[in-house]
Amino acid sequence: MSEGWNVLEVVLRAVAVLAAFLVLPLLVGQTEHKVMAHMQGRLGPMYAGGFHGWAQLVADAVKFIQKEDITPARADRGVFRLAPFVALIPYLVAMAVVPLSPTIVGADVPGSALLVLAATGVGIIGTLMGGWASASKYSMLGAMRAAAQLVSYELPMVLAVASVALAAGTLSMVGIAEAWTPWWLLWQAPGAFVFLVAALAELQRPPFDMPIADSELVFGIFTEYTGLRFAFFLLAEYAGIVLFSLIFSVLWLGGWAGPFEAGLGWLWTILKAYAIAVLMIWLRVSWPRLREDQLQRLAWVWLVPIALLQLAITAVGVVMMR
Amino acid sequence: MTERTQAEQVNPEPVEPVQPVGGEAQPEETRVTAPRPKETAPAPGTKPSGILPGLVKGLAATARTLTRHAHTAEYPDVMPKLPPRTRGVIALTEENCTSCMLCARECPDWCIYIDSHKEELPPTTPGGRARQRNVLDRFAIDFSLCMYCGICVEVCPFDALWWSPEFEYAELDIRELIHEKDRLGAWMATVPPPAALDPASAEPAELVAASKPPRPVRPAAGEDEAAPARVRPARPAPGEGGPPAARPRREARAATPAATPTDTPTDTATPPTAPIPTDPAPTAVLPAADATPSGDAPADAGPADNPPADKDGGA
Ligand code: SF4
Ligand code: SF4
């Protein structure tokens, strides 16, 4: 009997995570459509669905499904077809362990912070595979840029997360969020900054979108992709925004900490994450793309030292407070 | 930041060729060595100070735009507010058209088609002469060729063609873009009324003519006739003879050329307004000139004064 209940619970949790994984990126995508449009003095989608184009992304999905699924003749077929899923699934896995509140979490594992970082690191391999298998020089260049970006920004990101883990004394995201106090906003600020920048770079979002730089590389890694596979890459990008916003909200903004924490904790986590997502959109609209060497300089000259400094500050703080 | 370093690299180079005597080897060395430290040294230092304000400015600009209304014209839902002189479509007042063909000949695209025939009207009185007139059979503008230059509207001497701001007459078949005269006539309903005249503009010629009193004024100006008989518009005495209150503008114009003969060029350029400000100064200088070249003055003023005088005569 209890065996059956356990299976049912696992299935329910998986379905809930999947639903969140499919709905939240659409929410962010629609927000991006509208916020970006208004920041540029436009209205954005207005017709799909009737009210201010709320169903635009649904219409987009329908369009993507109808498109022909083309695999280039000289492409490495298997890798080419697999790549979008390799890009997408790790974010789904990571989503499962990100808590919305101490109780609302797909799977509460002890080392969830570590798992999230590991899983998101795998996501980049999908873009790398896609770029390599496309048999196109633009895709190849994009993939190389993506690889360089990954190598450069994974380190500061891990260091930033290590700092909060050190401060909380645990690798569990629930544990970190529960150890969070408003004082962290100041104490962990450099690490938060480093994580945000590194997350943008990891997501290949402007101003770090050299791998898909449309004015230089056509569309970089996605040049040869059409239809549903391209849509999966897009979904992976927006799922990544959701994921990193949630991680940021849980690790640096205290997640569910806020008024009526007991009942509305999950709402607080989501609202904070949403604010971070809007910030990411805002940065995209406002800033130009960095050059490849500027990207590397930013990572190694600024982010890594700042992250190391943060680690030192955290260590001093932990020792002094004990 | 990088632009700045590039500029610094470029700058020394034009200087060097100017002094070729100093030996070629030395500038070569400085050229290689000098910019290098510049490239590495200021880069990390200037980066935050140069870039950060720009980044913040960018964020502020987008945030400000977010709070304002979008510029999007929601056209099919909201009709655009077009200025009255918009060149949307050409309308035809068929009654005004005399089939003179001026518009068709001036049209750069030759996209106006006019067919007409002559009709003989029987004499209205017994023994009178039969008259001929043109009857418009076809008047069509091919809007698939028209380039909306407006020449036809400008050139029509009889006010038969008008601009209308309507623009929604797209067709699925290009041949339907030839608007025949009934369709062109239907556009007349959409022609906006002409814009109000500028407050400082001259009175329209028709109104001037209509408000003018009939002839009998002329004998009063007979005194002048003796001296400058050769000059027709020598009627600078409307102050005495004409009804001054009715036409103050004309009075001003007639008075100024006589007083200031030097002003006539500006006078012709902008008839009513220009002389008034320049008036006080020259009159102080020119009372003597007023007496002696009075014969010249009306002659100079002729071009300015003639046309209204002619029209008056015609009316
Ligand atoms: S506006 Fe059109 S019809 Fe009129 S003259 Fe120009 S091209 Fe010809
Ligand atoms: S110029 Fe005017 S009057 Fe003459 S044919 Fe054209 S529309 Fe008619």
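These legends describe close-up views of a predicted model. Residues are numbered from 1 along each chain as its sequence is written, chains are lettered from A and ligands numbered from 1 in the order written, and side-chain values use heavy atoms, without hydrogens and water. Local features need pLDDT of at least 70 and side-chain atom pairs pLDDT 80 or more, while totals for chains, interfaces and linings use all residues.

**View 1. Helix α8 of chain A (residues 189-202).** Helices are DSSP runs of H or I with at least four residues, numbered from the N terminus. The 14 residues of α8(A) should span 20 Å at 1.5 Å a residue, and the end C-alpha atoms are 20 Å apart, which agrees; the expected span is 1.5 Å times one less than the number of residues. Just after α8(A), A:Gln204 has a positive phi of about 55 degrees.

View 2. Eleven of its 14 residues are buried, so α8(A) is largely enclosed by the rest of the structure. Buried means under 20% relative accessible area (1.4 Å probe, protein chains only). Among the buried residues are A:Gly191, A:Val194 and A:Glu202.

**View 3. Contact of α8(A) with α10(A).** A:Ala192, A:Phe195, A:Leu196, A:Ala199 and A:Glu202 of α8(A) meet A:Phe244, A:Ile247 and A:Phe248 of α10(A). By class, these residues are seven nonpolar, no polar and one charged. Nonpolar covers Ala, Val, Leu, Ile, Met, Phe, Trp, Tyr, Cys and Pro; charged covers Asp, Glu, Lys and Arg; the others, Gly among them, are polar.

Note on methods:
Axes are lines fitted to C-alpha atoms, for helices over the stretch in contact, and angles run from 0 to 180 degrees between N-to-C directions. Helices (H or I, at least four residues) and strands (E, at least two) are DSSP runs, numbered from the N terminus. Contact means heavy atoms within 4.5 Å. Buried means under 20% relative accessible area, exposed over 50%, partly exposed in between (1.4 Å probe, protein chains only).
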